[in-house]
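I opened this entry to look up how some strands pair and where the nonpolar residues gather. The notes follow in the order in which I checked things.

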Amino acid sequence: MRGARRTLLGLGLLGVLAAGVWLVAAPGSHASPAVAPAPRPTDSTWPLLAAGPAGPAGPAPVPVPPPVTPTAAATAVPSSPAAPNPGGAAAPIVQPFVQDFAGQPGVKPLKPLPSPTGTHFVRPNVDGCDHNYGEITQCVPWTFPPGTTDKCAWLAERGFQPLKVAAADRQKLDPDGNKIACDD
Amino acid sequence: MNGRTLPLFSRRDRIRIAQVVIVTLVLVLAVPGRSLAGANLLSNPGLEVVDSTGFPVCWEQSGWGDSTHTYEVTHNDPHGGANAMRVTVSAITSGDRKALMLENPSCAPNVTPGHQYDLSTWYKTTTPNTVMTMFRHDVAQGWVYWTDLATLTTSTAWKQQTVRTPLVPAGTDQIVWGVTIYGAGTLQTDDYSMVDATQAAPGTSCSAGPACTAGAWQVMPFSSPVRGIHAVVLKNGNVLLVAGSGNDPAAFAAGTFTTAVYSPRTGTFTTVPTPADLFCSGHVQLADGRVLIMGGNKAYPAADGSHGYEGLKDSYIFDPDTMGYTKVNDMTAGSWYPSATVLGNGDVISLGGLGEDSSGTVATQYFTGAGQRWLSINEAHQTWSFWGLYPSMVLMQDGRLFYTGSHVFGNGLPGTGASIYDYHASTITPVSGLQRKDERDQSMSVLLPPAQDQRVLTIGGGNINSNPDANRLTDLIDLKQATPVYQPGPPLPGGTMTGGIPQTAAQGKMYVSAVLLPDGKVFETGGALHNRADPVYEASMFDPATNTFAAGMATDPVPRGYHSSAFLLPDGRVMAVGNNPGDGTFDMRVSVYTPPYLFKGGRPQILSVAGGPWAYGTTKQITVDGPILKASLIRPEAVTHSSDPNQRYVDLPMTVTGTTIGLNLTSNPNLAPPGWYMLYVVGTNGVPSVAQWVQVK
């Protein structure tokens, strides 16, 4: 073998060995069996298969880049502000990325209200409790659930003891008028 | 020289070459699967094939808004091959631009639901206002926005950014993605890659019986020393339980107001002097982790009906470090049952409630984080609208507030019962579709995981005025839509009443609790059939990925109706406190729920978290002890009366290098308002880690 040929063959061997070592040692071997193969286009309209409008000679052969697998060296550098930039300058502050959602085209805003001249009334029994009965912390319903026929029985089933009538007997729970509701 | 021409290789050389080739083939074939693992799924990833216009095939120019911009296939210093994409935005007032993979069946890469993919591109950019954006093809909806993955830092040299997608949702068959530029500058990209990075799920075994699927409750062997009507998870993992007078007029009359801090690590309570009656206040964590408390109870209603509840104007800050309250300036109006929503700039808006004279508070009350004070009434933008009591106001990704229709007491607001409120423009626009809007009293709304998906779920409710059986309605809304409209969701699963009596088909719950979990699901628990009466024993797990409830979760043996709360603990369990039925009693027992995921095997460990606060649009490195499925930030709860509009789960797209993971935080503070968050990772077995606390600012 002549020297030039020997060199050429040696370089070829080195290349093949390097490829073999890369294939064996390159990261990515942890990929699971669940990995799906690359989908193959079957659509005849796929522009890379069809004679495309790329010019007289047609589209160039599609280059297939080597698989890109994250490696320690190739993985993205952390984008922390503290990370130095190639230029050495401090990283500029990123502005918020806001999507163009919920513009509500055609939906009219409610008519603006004037500055109030009075108060917005909310009835005293806002909590749905009839404070004519019992202690303030207790809650006799202002309106009993539909279908309730015996209000005192409803209350007793829920742990209420006889209740003082603190004001008017609005719900007629004190027929004997002794200011104790549901004591009959 | 003679005239004989020697061949380039001798016969012996050719035999040796053939031997090497055969050995190489054997080597390649001896490594099964390797080539598949790294297969790039993209068409024309290097942008080398162009069409008649010179633009890369399978790519398109995309974007919206008002900008001056150019797209160019540049041959000047590409990363590989002959072409690179250059997008230049010279001026921009709104919107963005991007080179995007073509949304058609032959160009868009196919994906498999449940799989994850590592997306990678090489880039240079002069502006940090960039983000990797994905769209997915839903077999039912067509192409829809999916999410944003990571901001690219500026770089004058070629740099690679790799980010792992979340699990591909069911019903998705293709995705496209690209790099968005939304600020003035130049972005170059080249050599895109997309590889399947799905990790095998380990076999899971569970020997815990029913708890494997339903989870399990445990009633603690101790009781809370205070009525835990207001519960706030603190930045140190402890829980602030505020009672004030605790719905006890005797305590109010005596000036006995109470607070305790519960430590889940030790199971102990520390009582805290309480300066005012903070019962019925609003509360939210500030950017520094302290808790802003607004309003409270100035007076209980008079028995003769001459006045109702009256709201305090007082406001305090609770500091977890000093375990004490500090007074800030008064609010502009009394606030009994006010809302509290933290904004993307760290400020707080409070709406609704009752004033000092029992009337409805119509002022918009605004706390500035920078000034640490409430603005005067003329400093804040006003609409003079009455928002009701504890209106659920959820911060949207553009800074507006979505009033979900969930509230406490009485009918919904007039009109459709839900709306979008723009504080800066002082406008309120109706949102339609909420079912039976006048029966959503004591319903609960949550921003579904992930916050990036901008969907809200509203659950159940009743009406204290007409007092019907609480309903089992749920409503879903997608705030990504141009005109969001509530859509009916799946009915709440039925439960049982006291004595094990099954609910009827129409019966549901009010005063329900909904808790976001680190696996991305929503645990729904507690509630009652009527106001302060008839507890319902039912719990379920809502999966935002499928919009379904998994019924039959374990139920808290303690009734949890009015004045109860449930919230996520940093260890991934759920704690429940309180119950205040109409007879005036108060249940002081504490329950803790262990979700099914904690019975599935070993928990992943977060071994380290890069120090310092976390800036928007940046990547924080963590190390873990094994393969990780996903990572998230969950804002600690600050809940009362079935209302915590600030509860949110923020997805953290991952850049994975073995057990070192870069977590990419959104650049948009409206998606993750500043503050302390619980950082969770979930292992491939579906088990979450214990949270690490991180500060976003």
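The model is predicted, so to speak of local features I need pLDDT of at least 70, and side-chain atom pairs count only at pLDDT 80 or more, while totals for chains, interfaces and linings use all residues. Residues are numbered from 1 along each chain as its sequence is written, and chains are lettered from A and ligands numbered from 1 in the order in which they are written.

I looked up an open sheet of four strands in chain B and read the order β34-β35-β38-β39, with antiparallel pairing. β34 (513-516) and β39 (548-550) of chain B are at the edges with a single partner strand each, so one side of each has no neighbour in the sheet. Neighbouring strands here are turned by 30 degrees against each other on average, direction ignored; axes are lines fitted to C-alpha atoms, for helices over the stretch in contact, and angles run from 0 to 180 degrees between N-to-C directions. Between β38 (residues 539-543) and β39 of chain B I found three bridges, and B:M541 stands opposite B:A550.

Five bridges join β20 (residues 315-319) to β21 in chain B, with B:D319 partnered by B:G324.

**Hairpin**

In chain B, β28 and β29 form a hairpin with four residues between them, and B:S426 in the turn has a positive phi of about 55 degrees. B:I420 has B:T429 as its bridge partner in β29(B).

**Cores**

Which residues touch the most other members of the largest nonpolar core? I noted B:L401, B:V515, B:V522 and B:V574, in a core of 155 residues. Such a core is a set of buried Ala, Val, Leu, Ile, Met, Phe, Trp, Tyr and Cys residues joined through C-beta atoms within 7 Å; buried is 20 or more other C-beta atoms within 10 Å of a residue's own, exposed 12 or fewer, partly exposed in between, with C-beta atoms placed from the backbone. The largest share of this core, seven residues, comes from strand β50 (residues 675-683) of chain B. Another core, of 46 residues, lies apart from it and includes B:A108 and B:Y182.

Technical notes:
Pairing = 2+ DSSP bridges. Helix = DSSP H or I, 4+ residues; strand = E, 2+ residues; numbered from the N terminus.
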